[in-house]
Amino acid sequence: MAITEQMRGRDSHQAGFTLLEILIALLILATIVTSAISMLFINLKGWDQLAADSDRQVAKQRIMTRVKNTIAQIQPISWKNPKGRQPAFIGEANLLQFISPAPQPYTPGGLFEYRLSVEQDSVEGTRLVLMYRPYQPQEQAFVLPDHGTQRVLLSGLDDMRFQYYGVQQGSRNPAWSELWLESARDYPELIEIQSDGANGAREVRYIALRQWRTGS
């Protein structure tokens with residue numbers, strides 16, 4: 001009889017959990033819950049970052065499409081100077097100046113002078129800045145003053161530059177160049193816009209221009 005009671009007590013003791021075992025189980029459960037919550041926040045943060053990157057990419061594509069359409073509508077205006085006629089076009093690696101139809105929000109229409117410049121900013125990094133104003137036909141040279149409407153189209157770029165393809169003054173064969181000389185009598189045939197994003201991705205866009213002979 002005593003032996004039976006002793007065996008029952010032993011079985012009852014083995015069927016339960018000690019305080020140490022309960023604490024270990026709670027610790028494991030807390031670790032699992034904490035890890036799950038951390039992964040949830042990481043996934044949410046990654047999703048937000050992905051959505052933000054996608055929004056920026058869509059905005060960039062929309063802006064660059066407008067820029068491309070504006071450049072493609074360059075108007076063949078030139079000035080007479082002692083060396084001949086100078087087209088209303090200046091092309092450099094970090095600057096592009098031209099005359100094109102008025103921007104869409106400007107309902108009166110007409111022609112505008114545009115200047116696209118690639119600038120460095122200590123906070124925003126490389127920026128694409130647009131300055132424009134109504135075309136002034138009474139002026140005798142193609143020099144856009146430092147006043148007018150200015151907008152930062154893009155920022156946070158690693159780099160952006162322009163190149164120009166065509167036959168320049170003193171040359172017979174078309175070639176790519178980062179400088180379209182003011183002495184050129186004609187417009188370039190192609191304009192290349194190359195941009196490097198903060199993520200290292202490079203995008204290249206080509207814009208074909210109509211060719212107008214400005215004469216000598």
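Colleague: Among the elements of the chain, which has the lowest mean pLDDT and which the highest?

Modeller: This is a predicted model, and pLDDT expresses the predictor's confidence in each residue, from 0 to 100. Among the elements, the lowest mean, 53, belongs to helix 1 (residues 2-15), and the highest, 93, belongs to strand 8 (residues 159-166).

Colleague: How many helices and strands does the chain have?

Modeller: Read from the N terminus, the elements run α-α-β-β-β-β-β-β-β-β-β-β-β. The count for the chain is therefore two helices and eleven strands.

Colleague: What is the order of the strands in the open sheet of four strands, and which strands stand at its edges?

Modeller: The pairing in this open sheet is antiparallel, and the order of its four strands is 9-8-10-11. Strand 9 (175-177) and strand 11 (202-208) each have a single partner strand, so one side of each is left without a neighbour in the sheet. From one strand to the next, the twist averages 20 degrees. The order is thus 9-8-10-11, and the strands at the edges are strand 9 and strand 11.

Colleague: Which residue of strand 11 stands opposite glutamine 194?

Modeller: Glutamine 194 lies in strand 10, and strand 10 pairs with strand 11 in the antiparallel sense over seven bridges. Leaving out residues up to four places away in sequence, glutamine 194 touches several residues, including Arg202, Glu203 and Val204. The residue that stands opposite glutamine 194 in strand 11 is valine 204.

Colleague: Is glutamine 194 buried or exposed, and with which side chains does the side chain of glutamine 194 make polar contacts?

Modeller: The relative accessible area of glutamine 194 is 11%, and because buried means under 20%, this residue counts as buried. Its side chain makes a polar contact of 2.4 Å with the side chain of arginine 161. A polar contact of 3.5 Å also joins the side chain of glutamine 194 to that of arginine 202. Glutamine 194 is thus buried, and the side chains asked for include those of arginine 161 and arginine 202.

Colleague: Why does serine 195 count as buried?

Modeller: Serine 195 is found in strand 10 (residues 190-196). Buried means under 20% relative accessible area, so serine 195 counts as buried because its relative accessibility is 0%.

Colleague: With the side chain of which lysine does the side chain of serine 195 make a polar contact?

Modeller: Apart from its neighbours within four places in sequence, serine 195 is in contact with Lys60, Asp159, Met160, Ala201, Arg202, Glu203 and Arg205. The polar contact in question, at 3.5 Å, is made with the side chain of lysine 60.

Colleague: How far apart in space are serine 195 and phenylalanine 162, C-alpha to C-alpha?

Modeller: In sequence, serine 195 and phenylalanine 162 are 33 residues apart. From C-alpha to C-alpha, the separation of serine 195 and phenylalanine 162 in space is 9.0 Å.

Colleague: In strand 7, which residue is the bridge partner of tyrosine 132?

Modeller: An open sheet of five strands, with antiparallel pairing, has the order 3-4-5-6-7. Its edge strands are strand 3 (89-92) and strand 7 (149-157), each of which pairs on one side only. Strand 6 (residues 125-134) and strand 7 run antiparallel and are joined by six bridges. The bridge partner of tyrosine 132 in strand 7 is threonine 149.

Conventions:
Residues are numbered from 1 along each chain as its sequence is written. This is a predicted model: local features need pLDDT of at least 70, side-chain atom pairs count only at pLDDT 80 or more; totals for chains, interfaces and linings use all residues. Side-chain values use heavy atoms; hydrogens and water are left out. Buried means under 20% relative accessible area, exposed over 50%, partly exposed in between (1.4 Å probe, protein chains only). Contact means heavy atoms within 4.5 Å. A polar contact is a pair of N or O atoms within 3.5 Å; within protein, one must be able to donate a hydrogen and the other to accept it, and residues adjacent in sequence count only if both atoms are side-chain atoms. Two strands pair if DSSP finds at least two bridges between them. Axes are lines fitted to C-alpha atoms, for helices over the stretch in contact, and angles run from 0 to 180 degrees between N-to-C directions.
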